[in-house]
Amino acid sequence: MHPPIPLLERLREFDGGVDDFYAPGFELLPSGEDDGGYPQLSGRIRPFAQANGSGSTHAI
């Protein structure tokens, strides 16, 4: 598990308080499941959200 990132944690708090999508195609990945399906990259790249319906991912 990665250490928390303050701005990402604030986004998770906001996400938890919204009932519907607030950006088309954007969806946070569940906490603890942030390898985006690419565990070989998880040490250097931290995926945090699904970018759209095509399987693209946002990462930091």
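This is a short tour of a predicted model, selection by selection.

Residues are numbered from 1 along each chain as its sequence is written, and side-chain values use heavy atoms, with hydrogens and water left out. Because the model is predicted, local features need pLDDT of at least 70 and side-chain atom pairs count only at pLDDT 80 or more, while totals for chains, interfaces and linings use all residues.

**Whole chain.** Start with the cartoon. Helices (H or I, at least four residues) and strands (E, at least two) are DSSP runs, numbered from the N terminus. Switch to the surface. Of the 60 residues, 18% count as buried. Buried means under 20% relative accessible area, exposed over 50%, and partly exposed in between (1.4 Å probe, protein chains only).

**The sheet.** Select the strands. They form an open sheet in the order β1-β2-β3, with antiparallel pairing. The edge strands are β1 and β3 (57-59), each pairing on one side only. Two strands pair if DSSP finds at least two bridges between them. Two bridges join β1 to β2 (residues 47-50). Now pick L28: A49 in β2 stands opposite.

Centre on F48. Leaving out residues up to four places away in sequence, its contacts (heavy atoms within 4.5 Å) include L8, L11, R12, H58 and I60.

**The rings.** Select F14, Y22 and F26, which ring pairs link into a cluster. Rings of Phe, Tyr and Trp (its six-membered ring) pair if their centres lie within 6.5 Å; planes under 30 degrees apart count as stacked, over 60 as edge-to-face and the rest as tilted. There are two aromatic pairs. F14 and Y22 are edge-to-face, at 4.9 Å centre to centre and 75 degrees between the planes. Y22 and F26 are tilted, at 6.0 Å and 55 degrees. F26 is buried, at 15% relative accessible area. F14 is partly exposed at 44%, and Y22 is partly exposed at 31%.

**The loop.** Finish at A23, between α1 (6-16) and β1 (27-28). A23 is partly exposed, at 26%. Draw a C-alpha distance to A51: 9.6 Å in space, 28 residues apart in sequence.
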